[in-house]
Amino acid sequence: MIDFRSDTVTTPCAKMRTAMANASVGDDVYGDDPSVNALEEWSAQRHGFEAALFCSSGTQANLLALMSHCERGDEYLCGQQAHNYQFEGGGAAVLGSIQPQPIANEPDGTLCLTKLKQAIKPDDFHFARTKLISIENTINGKVLPLRYLTSLSEFAKSEGLALHLDGARVYNAAVALNVDITDIAKNFDTMTICLSKGLGAPIGSLLFGSKAFIAKARRWRKMLGGGMRQVGILAAVAEIALKENVERLTEDHNNAKYLAEQLNQIDGIKVNVNFVETNMVFATLHASHNIADIANKLLNKNIRITAGSPLRLVTHLNISKSDIDFFIKELTQLIK
């Protein structure tokens, strides 16, 4: 199956499966799992933070961050397109009693500092208390410039706000910018990374912050049912993902650019290749084409896409250049 729906569909390699079978484990709720402890200690140091917390998912890691930064009745500022605003079930509001204040993303994915400034609430009991700015990098495949991150960090400090990075695909950003991950991470008070997307692990995300912050997040994780037991079988895989699957993200980015170029050769499909910065391609089909029907027919050829307008296609470690060629051939036949 050639699956373009998301990089979440990646499957663990043979080395990861062996590591899972041989991992040293213990009860992580008691703090006894040596593989988890080693991962949290190493990854915190690697990313420039005091502490880390291994979580079951990016949604959980982001929710723990929001609930640890904010109290009931507080507010966080985020992008209108932010994953933790649009696609995480309203968890901050439902479970944390935290009010999101979305700001329209600029075309490059950034949040305008002037608009952020205008959205900060006065110190008045009529309003929610603005405590946090949360941004996403990458966002819809776009990479936020380092100079912007520096400006945003300075702005947050000047306003007395904490700054959180939803870094689900932050390694894609680092690879695209050709910088070390710490060049991005150093701008934030807290950060999450997802291990089960382009990095190829089967499950898991990490939340980074100060020791006090992570201790608070760990308590919230337990309360939310996220306390895990012999989870070292997954922590061992996470370390492989972080140590061995970062540099290869360049291949995904190159494949995405190639995919975009090939799509542009098909009548009735338009892609702005210049917008393809990492592993996501957004294509617009002519209105005469029924994308749902096309998706069903592609499935018969063992190709999965998400029927949408625009059509989002994501490259990852289980997508090769020859897979793209096969997809282009079949798609061309369908929309003649």
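Reader: Which residues does Ser196 touch, not counting residues up to four places away in sequence?
Author: This is a predicted model, where local features need pLDDT of at least 70, side-chain atom pairs count only at pLDDT 80 or more, and totals for chains, interfaces and linings use all residues. Residues are numbered from 1 along each chain as its sequence is written, and side-chain values use heavy atoms, leaving out hydrogens and water. Contact means heavy atoms within 4.5 Å. By that rule Ser196 touches Asp7, Thr8, Thr10, Ala201, Pro202, Ile203 and Gly204.

Reader: Is Ser196 buried or exposed?
Author: Ser196 sits in the loop between strand E7 (190-194) and strand E8 (205-209). Strands (E, at least two residues) and helices (H or I, at least four) are DSSP runs, numbered from the N terminus. Buried means under 20% relative accessible area, exposed over 50%, and partly exposed in between (1.4 Å probe, protein chains only). Ser196 has a relative accessible area of 15%, so the residue is buried.

Reader: Why does E8 count as largely enclosed by the rest of the structure?
Author: Ser205, Leu207 and Gly209 point one way from E8, and Leu206 and Phe208 the other way. In a regular strand, side chains alternate between the two faces of the sheet. E8 is largely enclosed because its buried residues number five of the five.

Reader: What is the bridge partner of Cys55 in E8?
Author: Strand E2 (residues 51-55) and E8 run antiparallel, joined by five bridges. Two strands pair if DSSP finds at least two bridges between them. The partner of Cys55 in E8 is Ser205.

Reader: How many residues of helix H8 (residues 170-177) are buried?
Author: Val170, Tyr171, Asn172, Ala173, Ala174 and Val175 are the buried ones. They pack against several elements, including helix H2 (34-47), strand E6 (162-167) and helix H12 (249-263). H8 is largely enclosed by the rest of the structure, because the buried count is six of the eight.

Reader: Which strands are the edges of the open sheet of three strands?
Author: The order is E9-E10-E12, with antiparallel pairing. Two bridges join E9 to strand E10 (residues 280-285), and Lys270 stands opposite Thr284 there. Pairing on one side only marks the edges, strand E9 (269-270) and strand E12 (311-314).

Reader: Is Thr150 buried or partly exposed?
Author: Thr150 lies in helix H7 (residues 146-158). Its relative accessibility is 35%, so Thr150 counts as partly exposed.

Reader: How far apart in space are Thr150 and Gly308, C-alpha to C-alpha?
Author: In sequence, Thr150 and Gly308 are 158 residues apart. In space, their C-alpha to C-alpha distance is 35 Å.
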